[in-house]
Amino acid sequence: MIWWAAAGAAADVTNGEPATQFGESGYFRMTLQSALAPVAINRMHNWNLRLETPSGDPVSGANVTVTGGMPDHDHGLPTAPRATGTVNDGQYLIEGVKFHMNGRWELTIGVETATQSDAATFVFEL
Ligand SMILES: [Cu+2]
C-alpha cells in the first residue's frame, strides 16, 4: 500500500479503478483496469489494457505479455494470462487472470512493437 502511494499512482485497481503507469523505458503509457470489481480471490477474470504513446496516441498491434506473482512469497501467477490482439484502438483484453491468496501482488505488462519494447509493473494489495 505504502509502496503504491509512494509511486504516485493512487488508483485502487483492486476496486476496478484504472491505474496508469509509464513503461520503464518511457516509450508507452499503460492503463490497466480489472474487469472484475472488486477483484476476488480464486476467481478467473479479465483485465483491460489501454496502450498509448507518452503523448496519448493509441498504440495498436503490439505484442503484449503478462507476467506476475507475489514477490514476498516468491511465486508467480497461478494461471498464464494471455493478452488478445487489439480489440479496439490501443485497447487490449487480458484473459485468464486469477489470484489465489491475499497479499501483495505484481502484474508486469510487457509491450513489444516492431521498434520498441517496454514494461511496467503494477503493484497492489489484495
Ligand atoms: Cu502468495
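Predicted model: local features only at pLDDT ≥ 70, side-chain atom pairs only at ≥ 80, totals over all residues.

What share of the contacts between residues at least 6 apart in sequence join residues at least 24 apart in the protein chain? I looked it up, and the share is 52%; a contact here means that two C-beta atoms, placed from the backbone, lie within 7 Å.

Residues are numbered from 1 along each chain as its sequence is written.

Next I checked the fold. I found one helix and nine strands, in the order α-β-β-β-β-β-β-β-β-β. These are DSSP runs numbered from the N terminus (helices H or I, at least four residues; strands E, at least two). The radius of gyration is 14 Å, close to the 14 Å of the globule rule for 126 residues, so the chain is as compact as a globular protein of that length. That radius is taken over C-alpha atoms, and the rule is 2.2 Å times the number of residues to the power 0.38.

Then I turned to the inside. Of the 126 residues, 24% are buried, that is, with 20 or more other C-beta atoms within 10 Å of their own. The largest nonpolar core has 25 residues, a core being buried Ala, Val, Leu, Ile, Met, Phe, Trp, Tyr and Cys residues joined through C-beta atoms within 7 Å. β8 (104-112) is one of the strands that supply at least two core residues, and its four are the largest share.

Last, I looked at Leu-32, whose contacts beyond four places in sequence include Trp-47, Leu-49 and Phe-122.

Note on methods: Buried ≥ 20, exposed ≤ 12 C-beta atoms within 10 Å, placed from the backbone.
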